[in-house]
2 protein chains.
Amino acid sequence: MPARGTLPIGVFDSGIGGLTVVRALRAALPQEACVYLGDTARVPYGTKSAEVVTRYALNNARLLTATGIKLLVVACNTASAVALDALARELDVPVVGVIGPGAARAAATTRSAVVGVIGTEGTVGSGAYVRALEAERPDLTVHSRPCPLFVPLAEEGWEEHPVAMEVARSYLDRWAGGAMDTLILGCTHYPLLRKAIQAAVGPGVTLVDSASAVAQTVSGLLAREGLVHPEGTRPPPHRFFATDVPERFREVGRRFLGAALDRVELVDIDPGR
Amino acid sequence: MPARGTLPIGVFDSGIGGLTVVRALRAALPQEACVYLGDTARVPYGTKSAEVVTRYALNNARLLTATGIKLLVVACNTASAVALDALARELDVPVVGVIGPGAARAAATTRSAVVGVIGTEGTVGSGAYVRALEAERPDLTVHSRPCPLFVPLAEEGWEEHPVAMEVARSYLDRWAGGAMDTLILGCTHYPLLRKAIQAAVGPGVTLVDSASAVAQTVSGLLAREGLVHPEGTRPPPHRFFATDVPERFREVGRRFLGAALDRVELVDIDPGR
């Protein structure tokens, strides 16, 4: 049996967006391997109920732990917002969500103490970012709103399309020129729309993307728990799983990962046949 | 055991869009009851593979046939495009999809013999409308393209938003002023965007919405098969099922049904827990 440190980091997301988290993990922790699961057969989670998202999150986590992982990253904001407690209760590896790290970074960034949060309906409706921000700094004022059209715009590849600019303005111009100086991109798809979002809120607002904050949290946790991959040994290669046939995953995913996805394995997560 | 004619018509869709078909069935066949299933826990189907959509369609059909139905309407264009044969093979009630009726109506409508089809990636990628149109009239020229942003726009309630107009123009203005005189709205969400779509293609193009064509097909089939609900008896009330918690279904669904949804029952279709 291999030492736990040599095992890969498990990462799951509702679909391809979580590849932005893998990208940040690879940049921050080049000695570690990741095994990624995108639940493309049931994507998106953002418009679904907490009950259904929790059920799907547990399915995903069981599949990843069965392959052997040393730590689980919940790259999906919606699943992090509603299912983190259920996952931590069930699993015997450390579980890291994206909400806590993103909120901590935003709380450390803001000077005006006014922070915005955008995400899916599920993430915003859960109030998880507001609670995490208030736990970090009770003096913060937090504004939040769901932006459901950003995910389909990013998947359509329309990040730079005039429509993306207009959608961003419709959602966000209420916040331009106000006291807010920090905005959390509370969905893994949103970093792709960074340009349109920045234009809508104005240049004075710092956009906080959870991916690099998560990588920093994972790095600290691996060190504290003695789980860093041992020097001088080769980590196993990264692996990518999807629950639907992987052609679309590979094609759209390379924009999110920032690198080619040579091989994506189909996995059957849904025994409901 | 009740006579088969007194049983309701089963209708399923990936989510709420198929309520536009229920609306047309209620208008055309007021003596019939419908039992509707929206697979809101796994919506959308339009970006998923034929394998996954077929599996989900069979799940849905089994659930509806277990409640007792006399005929199944596949209100989802994507499922009609890829799963109709599998459903017809498995079920012992007549199965009606939306592709055939919509294609027949469009073929009867066009004078220029140039027809357009818009739908999800799954529907357009399957080529099912092109095949159905060519089977009706081999002389037709058919242009098709997927319009993935129309579904999230309709669900967001932005049918009349300037963004809807701009998205429609981006997708469709290549067809404005050409020979096309008939355009099939090959997705149950698209009738909500009728105004934006009409503006983009121009006033000379007739928009064909499958819902009323399906109601006409169902009416003829019930008569031919002796399945019309007997006069003088009360049909059972309409029933609505959803696979995710039904608050959102009820709220968004009334725009699609054109009437209030008093009660939506949660049903567990996914044993993958």
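User: Where is the place of Ala113(A) in chain A?

Analyst: This is a predicted model, and in it Ala113(A) sits in the loop between α4 (99-109) and β5 (114-119) of chain A.

User: What is the phi of Ala113(A), and why is Ala113(A) counted as partly exposed?

Analyst: Phi of Ala113(A) is positive, about 65°, although the residue is not a glycine. Burial is judged by counting neighbours: a residue with 20 or more other C-beta atoms within 10 Å is buried, one with 12 or fewer is exposed, and what lies in between is partly exposed. Ala113(A) counts as partly exposed because it has 15 C-beta neighbours inside 10 Å. In chain B, Ala113(B) has a positive phi near 65° and lies in the loop between α4 and β5 (114-119). Ala113(B), too, counts as partly exposed, with 15 C-beta neighbours inside 10 Å.

User: How many residues of helix α4 of chain B are buried, and which are they?

Analyst: Helix α4 (residues 99-109) of chain B is mostly covered, with nine of its 11 residues buried. Among them are Ile99(B), Pro101(B) and Arg105(B).

User: Is Val124(B) buried or exposed, and what does Val124(B) touch?

Analyst: Val124(B) belongs to helix α5 (residues 121-126) of chain B. It is buried, with 24 other C-beta atoms within 10 Å. Leaving aside residues up to four places away in sequence, Val124(B) touches Val117(B), Gly119(B), Ser144(B), Arg145(B) and Pro146(B).

User: Which peptide bond of chain A is cis, with omega near -5°?

Analyst: The bond from Val43(A) to Pro44(A) is cis, with omega near -5°. Pro44(A) is in the loop between β2 (34-38) and α2 of chain A. Chain B has a cis peptide bond joining Val43(B) and Pro44(B), with omega about -5°. There, Pro44(B) is in the loop between β2 (34-38) and α2 (50-67) of chain B.

User: What are the domains of chain A, and how far apart do their C-alpha centres lie?

Analyst: Chain A is divided into domain 1 (4-97 + 212-266) and domain 2 (100-210). Their C-alpha centres lie 22 Å apart. The contact between them takes 26 residues from domain 1 of chain A and 23 residues from domain 2 of chain A. On the domain 1 side, the elements that give two or more residues are α1 (19-28), α2, α3 (77-90), α10 (210-224) and α11 (247-257) of chain A. The largest share of that side, five residues, comes from α10(A). By class, the domain 1 side has 12 nonpolar, 11 polar and three charged residues.

User: How many residues of chain A are in contact with chain B, and which element gives the most?

Analyst: The size of an interface is often given as the accessible area lost when the parts come together. Here it is read from residues in contact: 24 residues of chain A are in contact with 24 residues of chain B. On the chain A side, α2 (50-67) and α8 (162-172) of chain A are the elements that give two or more residues. α8(A) gives the most, with five residues. The chain A side divides into 11 nonpolar, four polar and nine charged residues.

User: How do α8(A) and α8(B) pack?

Analyst: α8(A) and helix α8 (residues 162-172) of chain B pack at an angle of about 170°, with their axes 10 Å apart. Angles over 145 degrees count as roughly antiparallel, and α8(A) and α8(B) are therefore roughly antiparallel to each other. An α-helix has 3.6 residues a turn, so residues three or four places apart point the same way. In the case here, the residues of α8(A) that meet α8(B) include Pro162(A), Glu166(A) and Ser170(A). Those they meet include Pro162(B), Glu166(B) and Ser170(B) as a group in α8(B). The contact of the two helices has six nonpolar, two polar and two charged residues.

Key
Residues are numbered from 1 along each chain as its sequence is written. Chains are lettered from A and ligands numbered from 1 in the order in which they are written. This is a predicted model: local features need pLDDT of at least 70, side-chain atom pairs count only at pLDDT 80 or more; totals for chains, interfaces and linings use all residues. Two residues are in contact if their C-beta atoms, placed from the backbone, lie within 7 Å. Helices (H or I, at least four residues) and strands (E, at least two) are DSSP runs, numbered from the N terminus. Ala, Val, Leu, Ile, Met, Phe, Trp, Tyr, Cys and Pro count as nonpolar, Asp, Glu, Lys and Arg as charged, and the others, Gly among them, as polar. Domain bounds come from an automatic or database domain assignment. Axes are lines fitted to C-alpha atoms, for helices over the stretch in contact, and angles run from 0 to 180 degrees between N-to-C directions. Angles under 35 degrees count as roughly parallel, over 145 as roughly antiparallel, 65 to 115 as roughly perpendicular and the rest as oblique.
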